Amino acid sequence: MKLVTDSARLSRHIMTLLLITALLSTGLLAGCGESPVKSRAVYMLIDTSGTYTEQLDKAETIMNYLLATLDSGDSLALARIDSASFNEEDIIAKATFDIRPSTANDQKRLFQHHVQTFTSELVRGSAHTDITGGVLQAIDFLNETDADEKTILVFSDLEEDLPEGHVRDFPIDVAGIEVVALNVTKLTRDNIDPRDYENRLNAWQKRVMEGGGQWRVINDLERLDRLVAMN
Amino acid sequence: MFQQLLTVWSDSAAISAAIWLVLLVTVLYLGRQQAHHLFSTTGRAVFTALRLASRSVLKLEHRLSQRNRDVLMALGRTASEKAIEREFTRVSTLVARDLAHYPSLHRTLADAIEKIEADYQASSLSAPLPPAWSDVVDTISALPKSADPALNKILDNIKDAIEDSHEETLKAFQKATLERHGHLAKMHPQWRTLKTTMGKVETTLDSLEERTRMIDGQMDRYESIRNNEDAAANSLLSSSLTQFFISGLVLIIAAMGGLINFQLIALPMSEMVGGTATIGSLRMSDIAALVIILIEIAMGLFLLESLRITHLFPVIGSMDDRMRQRMIVVTLTLLTILATIEASLAYMRDLLALDRAALQQSLAGVGVVEAQFRWIPSIGQMVMGFILPFALAFVAIPLESFIHSLRSVLGMIVVGVLRTVAVALRLAGNLASHACKILAHLYDLIIMVPLGVERLIRHRSTAPDLSDTTTAAKTKNDTDDAPATTAKTKRSRSTKVEPVLTDTQEVTP
């Protein structure tokens, strides 16, 4: 009888152990292969100067891709680059997606609507191109989100053309931010001297790297999967 | 440093190395006896220690085996007792159900027999047979007509009277016969009643006989277990292993079901607790879904425990019936509520998936397509969400079998490991002993030159004096055989102890 009692006690111990193991293993199974969830924040700058407005359909495609990729808790903002971009008024739409998936979907629909309205209503481009001001505005927004991964997408030819009196010739602090230049088109004078194109890219790369950020160029928009690292 | 040591005797490295070698060989030769003793002692010590360890492990293995067997037998005895008790309960139920009515059955039988007997008696009372008046009538008819009309009339009257009387008697006889047939006809239902009643009794007795045979079988098994027979132990072990694998298989199936359940409710849970909060690397929504599933399993465990199907929690098993019934109601209610919640979550999951698909289509620039028969997967998911918790509740049954059989399987595994360790220790001891012997031989190999010289000198010193040969040889043998004798003695004392290395014999010519 004592043996049976011992056995029953042992069985109970085993059962407790099994339950704990099941709990842990199921937990591990649930989290298997998943890295800790990281929040992402993306700020997209769209060049609206000159003939670059013709590229807006591509920008809309990128925005749709971002909307489909980003999840609850992520932040997204869209702003235009015009003559003086260091301005909140240039932000066309911004959102931090709700923790509830259904609400996040509604926010995405609203965001998409804003983007469509912007692209359809934009007729004339700005006279100047203040990319640095836009980047500074983006840095402010991204730092406020306190996201784990911060990205600035610059949809521009990277040719800065500042109005007279605007000062942008100073280092920018992009520490912890990845700056991605998208669809950097070649200008007419680039065809005359291709080194201008390279110099333009190199100058921006140097500026970003010196500011503590990371720099990437993606001209092939068919490979949008490389745009934002999927978690 | 090495270079300095190499050239300490001469600038030529070769000469210096040769000197070092000579010195080394000399030192080794001088310390040969001590070195051999060292090897021998070390080998023996390692061998003895490992053999001791091996024996201890084997003893532990024997104790564990015995304990495993005792536990297995005790469990088997308990199971057998329960099985026998169950059979007796069944017999008791059978007797109470069928044979409890035996007095009324007996009364029915007695009544039927009594009625049959009465009918038989009634049928045996035959009516008086008609007298043989037909002969009288024939005789009177055959009489020649007399001339006397009065006589003829008398005879005719007699004849008519006789014929009337005959007819009446015949009618009475026929009536009596009909009545007798009536009585006999009444006996038919009584016979059928008798036959049916006897059939019932036969069925009951057959069932009782079958139960008795089963009890006999169980008693034989119980007796075998009580006698601690090997056959019973093997049978119990085999049964335990079978239980282990079958219940393990069912548990794997249940785990798969749990995984599907998890997938059903993980997404909609993010709508409740949010999809961004995490604990470690796990999303809060996943943890919440997991907790719901585990609560369902726990409720299932308590429900089956309250129903006394499983016996994992003695506290629940020992509750009084009223409390147990309350617990059944509570657990079943909670399980139903959880199943309903899961069904609604599954439906919400479907809605969320639809919403997400519509958004993706919108973002991709294609029109939103309304899928036909979309309600089928929706209902399917809801039904799955409702049924899976109840299905998971039954995991308690294989879990109990698994836990009970795990004790035996773990015992077997530990016994196997202990046996392997014992063999490995024994092997390591032997290897160490033989390695020491090999080292001793290698030692001699290094100093083979001085040993050869020694052998030559001894040979020369003993060769001229033949008379001393015997003495010398004897002395030598006495000297050399001493360790061998010791070794033999030691070997004879304990056959398993390795012999002392008899190196002197090898160098002696």
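**Figure 1. Confidence in chain B of the predicted model.** Chain B has an average pLDDT of 82, and 87% of its residues reach at least 70; pLDDT is the predictor's confidence in each residue, from 0 to 100. Because the model is predicted, local features need pLDDT of at least 70 and side-chain atom pairs count only at pLDDT 80 or more, while totals for chains, interfaces and linings use all residues. Residues are numbered from 1 along each chain as its sequence is written, and chains are lettered from A and ligands numbered from 1 in the order in which they are written. Within chain B, the mean is highest in helix 12, at 92, and lowest in helix 15 (residues 503-507), at 40. The pLDDT lies below 50 over residues 467-509 of chain B, a stretch with 43 contacts in the model beyond near neighbours in sequence; two residues are in contact if their C-beta atoms, placed from the backbone, lie within 7 Å. For the complex, the predictor gives an ipTM of 0.73 and a pTM of 0.62.

**Figure 2. Helix 2 of chain B.** Helices (H or I, at least four residues) and strands (E, at least two) are DSSP runs, numbered from the N terminus. Helix 2 of chain B (residues 13-30) should span 26 Å, because its 18 residues contribute 1.5 Å a residue, the expected span being 1.5 Å times one less than the number of residues. Its end C-alpha atoms are 25 Å apart, which agrees. Helix 2 of chain B is hardly covered, with one buried residue among its 18. A residue is buried if 20 or more other C-beta atoms lie within 10 Å of its own, exposed if 12 or fewer, and partly exposed in between, with C-beta atoms placed from the backbone.

**Figure 3. Helices 3 and 12 of chain B.** The axes of helix 3 (residues 32-98) and helix 12 (residues 396-446) of chain B come within 8 Å and cross at roughly 170°. Helix 3 of chain B is therefore roughly antiparallel to helix 12 of chain B, a class for angles over 145 degrees.

**Figure 4. Two residues with positive phi.** Asp146(A), which is not a glycine, has a positive phi of about 60°. Asp146(A) lies in the loop between helix 4 (131-145) and strand 4 (149-155) of chain A, and is exposed, with 10 other C-beta atoms within 10 Å. Arg308(B), also a residue other than glycine, has a positive phi near 60°. Arg308(B) is placed in the loop between helix 8 (284-306) and helix 9 (314-317) of chain B, and counts as partly exposed, with 13 C-beta neighbours inside 10 Å.

Notes. Axes are lines fitted to C-alpha atoms, for helices over the stretch in contact, and angles run from 0 to 180 degrees between N-to-C directions. Angles under 35 degrees count as roughly parallel, over 145 as roughly antiparallel, 65 to 115 as roughly perpendicular and the rest as oblique.
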